[in-house]
Amino acid sequence: MKKKGVTLIELVVIMVIIGIAAAFFAPNIGAWLPNYRLRSAARDIVSTMRTAQIKAVSTNLQYRVNLNPADVGANSYRLERNTGGVWINEGPAQSLPTGVTIVGNTLPNQRAEFNQNSTSSSGNLTLQNTRGTERRLTITPSTGRVTIQ
């Protein structure tokens, strides 16, 4: 009679192999995480800016992404729309991931404004992670194009 199954020794060997592999990969995850958070934050802000531009054109209202710490808090931003000179929030403030900070902002009044004709304010926004790596977001005023460098 043949019995099929896994012995206790085989299970222990597999667990040891998994443990050794985890020991090799764990330090790499710690080094990778700050760069992932920086790329993610840059993409999130660009996505919000593109949403502002699309909404400005489609609704015929001026939209902006407010990055002013006095308005939304440090390392936060919010989408807002202009209704006759009064800026109204389009949702809650979004916070940057842990370890990502805004280290440079040349946007007028720290706000990226998008007009109904697809133009925008011009300027740069620089984000930095805990390792000193930076990503710069640039807005082209004539087209409202937002790029990550």
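Okay, some housekeeping. We're looking at a predicted model, where local features need pLDDT of at least 70, side-chain atom pairs count only at pLDDT 80 or more, and totals for chains, interfaces and linings use all residues. Residues are numbered from 1 along each chain as its sequence is written, and side-chain values use heavy atoms, with hydrogens and water left out.

Let's start inside. The largest nonpolar core has 23 residues. By that I mean buried Ala, Val, Leu, Ile, Met, Phe, Trp, Tyr and Cys residues joined through side-chain atoms within 4.5 Å. Buried is under 20% relative accessible area, exposed is over 50%, and partly exposed is in between, with a 1.4 Å probe and protein chains only. Ile45, Met49, Phe114 and Leu127 have the most contacts inside this core.

Who supplies it? At least two residues each come from helix 1 (8–59), strand 1 (63–66), strand 2 (76–83), strand 6 (111–114), strand 7 (123–128) and strand 8 (134–139). Helix 1 gives the largest share, eight residues. As background, nonpolar side chains tend to be buried together in soluble globular proteins.

Val6, Leu8, Leu11, Val12, Val16, Ile20, Phe24 and Phe25 make a nonpolar surface patch of about 860 Å². Patch members have over 30% relative accessible area and no salt bridge; nonpolar side chains (Val, Leu, Ile, Met, Phe, Trp, Tyr) are joined within 5 Å, and like charges within 9 Å. The areas come from the Shrake-Rupley method with a 1.4 Å probe, and for residues only the protein chains shown count as cover. Phe25 sits in helix 1, and it counts as exposed because its relative accessibility is 54%.

Staying on helix 1, Trp32 and Tyr36 are four residues apart, about one turn of the helix. Their ring centres are 5.2 Å apart and their planes at 25 degrees, so they're stacked. The rule is that rings of Phe, Tyr and Trp (its six-membered ring) pair with centres within 6.5 Å; under 30 degrees between planes is stacked, over 60 is edge-to-face, and the rest are tilted. Trp32 is partly exposed at 45%, and so is Tyr36 at 40%.

Now, charges. How many salt bridges does the structure hold? Five, each being a side-chain nitrogen of Lys or Arg within 4 Å of a carboxyl oxygen of Asp or Glu.

Take Glu90 and Lys55, with their closest N and O atoms 3.1 Å apart. Glu90 is in the loop between strand 3 (86–89) and strand 4 (94–95) and Lys55 in helix 1, so this pair ties together parts 35 residues apart in sequence.

Then there's Arg111 with Asp71, at 2.3 Å between the closest N and O atoms. That one links strand 6 to helix 2 (residues 69–72), 40 residues apart. Arg111 is buried at 14%, while Asp71 is partly exposed at 35%.

Glu80 and Arg78 also meet in a salt bridge, 3.7 Å from N to O, and both are buried. Finally, salt bridges with shared partners join Lys55, Arg81 and Glu90 into one network.
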